[in-house]
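Okay, thanks for coming, everyone. Let me put the model up and then walk you through it.

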Amino acid sequence: MTSPPSDSASQPPQGHSHGHTHSHGPAAPVSRHLRKVIAAVVIPFATAVVIGLIALWPGGAPDHERTGVGFDRQTQDGKVVQVVKVDCADVNASQVPPTGDTSTPSGREAVNEQEGECAKATVEVAGGPDKGRRFVEVVQPDAPRQLKEGQGVVVAYAPDAPRDLQYSVTDVDRKVPMALLAGIFALAVVVVGRLRGVMALVALAVSFAVLTLFILPAILQGSNPLVVAVIGASAIMLAALYLCHGVTARTSVAVVGTLISLLLIGLLGSLFIGWANLSGNTDDNTGLIHGLYPDIDMSGLLLAGVIIGSLGVLDDVTVTQTSAVWELHQADPGMGWKGLYRAGIRIGRDHIASVVNTLVLAYAGAALPLLLLFSIAQSSMGTVANSELVAEEIVRTLIGSIGLVASVPVTTALAALVVSADRPGAGSAQTATAAPVRAGRGRRRKKG
């Protein structure tokens, strides 16, 4: 009857090594019943997402006649081949003479256009049917974008304009520095994250693919922006979490916690965007979209942006909280779900404080030029907050923050329930770990 213990005691180093590796490796419930329960929740949800993707798949953005306004212009690459300095009076002769009053911005601009030194740039079209064609671009001395010889530019083409005015410089070419920065980012992620970093980059590519191939074209095709955003965000969430963290019960709990938080964000967004009468049509870009596709629900597009914008931070919070609870359970397998929840929520409170502050500052940074304009106008805080431009950002920030705050107790409670319910697996793991210790003690007593 004593032969099994003696067999395990005959190889204490291997047994101890296995127990140590198990306790510090990926902690996943081993209970088959518990895995079935989690799968019964996640698999139908994933199936519904796939069905939604198939049903609403757009097959590409719809064609339209270009307006030539804003981003809706035909563009080609170009290159500045020559820059010559000239008197502004020679190239701006047809413009209204300045009044001499430099106390106003318009007066200062008029004076500069007549008395300053302008740049006369010769630009060559580098692509398209007019490749090699050259045109002249005059750059005013106070223009925010100055051109220099050899610089790559983006040129806009207006086919209905007179031949000499068909091409104009609309932007500079930033492909090289952007590509280099992206390469540095990818290298840093792979060097530090190794395999996890590679999978994170794959997940990032999948996210961009879902956004550009499904979400944007489906909205342009006239599908409900909220439904499209929920399905697209769910697909991104499933791909990102399972690719980066593996197909485990721990990841599945984070998926469920993220899903519940996204539903809460969707409900709150739908309620308050409608209640605050936010149209979603607040600048030139949204106005152009509404003009090109009048059937698009712009307020629904705003809500879709809230959901997608909150997803990235939600993933971080739910994965962190789930991992924290798993590690707490691994450190003290006898802790019940209430103890796990209390310990996990203490970690979550620190996470809430930092994440909410990060989200608010991110939105404030994006709207900084707008806030600066209000500051210059010396508008009151109430007036600033009531304007639709700022109200959109406030509603977006608060709804996203509420979803983030709610995700901490929800995900912590789910993770605590799952790991505390996995008593058979936990017990077997403890037995496997403790067996070599008991065997070692018996061997020491025998030796004594």
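So, a definition before anything else: buried means under 20% relative accessible area, exposed means over 50%, and partly exposed is in between, with a 1.4 Å probe and protein chains only. With that in hand, Thr322 is buried, at a relative accessible area of 1%.

Quick housekeeping. This is a predicted model, where local features need pLDDT of at least 70, side-chain atom pairs count only at pLDDT 80 or more, and totals for chains, interfaces and linings use all residues. Residues are numbered from 1 along each chain as its sequence is written, and side-chain values use heavy atoms, with hydrogens and water left out.

Back to Thr322, which sits in helix H10; helices here are DSSP runs of H or I with at least four residues, strands are E runs of at least two, and both are numbered from the N terminus. What is Thr322 in contact with, leaving aside its neighbours within four places in sequence? Arg250, Val253, Ala254, Thr411 and Ala415, where contact means heavy atoms within 4.5 Å.

Now the nonpolar cores, meaning sets of buried Ala, Val, Leu, Ile, Met, Phe, Trp, Tyr and Cys residues joined through side-chain atoms within 4.5 Å. The largest has 56 residues, and among those with the most contacts inside it are Phe214, Met237, Leu262 and Trp326. Several helices each supply at least two residues of this core, including H3, H6, H7 and H14. H10 gives the most, with eleven residues. Take Leu262: skipping neighbours within four places in sequence, Leu262 touches Ala233, Met237, Ile307, Leu311 and Leu314, going by that contact cut-off. There's also a second, separate core of twelve residues, and Val125 and Tyr167 are among them.

Next, cysteines. How many disulfides do we get, if a disulfide is a pair of cysteine sulfur atoms within 2.5 Å? One. The pair is Cys88 and Cys118, with their sulfur atoms 2.0 Å apart.

Val202, in helix H6, is partly exposed because its relative accessible area is 36%. That's it from me, so over to you.

Note on methods: A disulfide is a pair of cysteine sulfur atoms within 2.5 Å.
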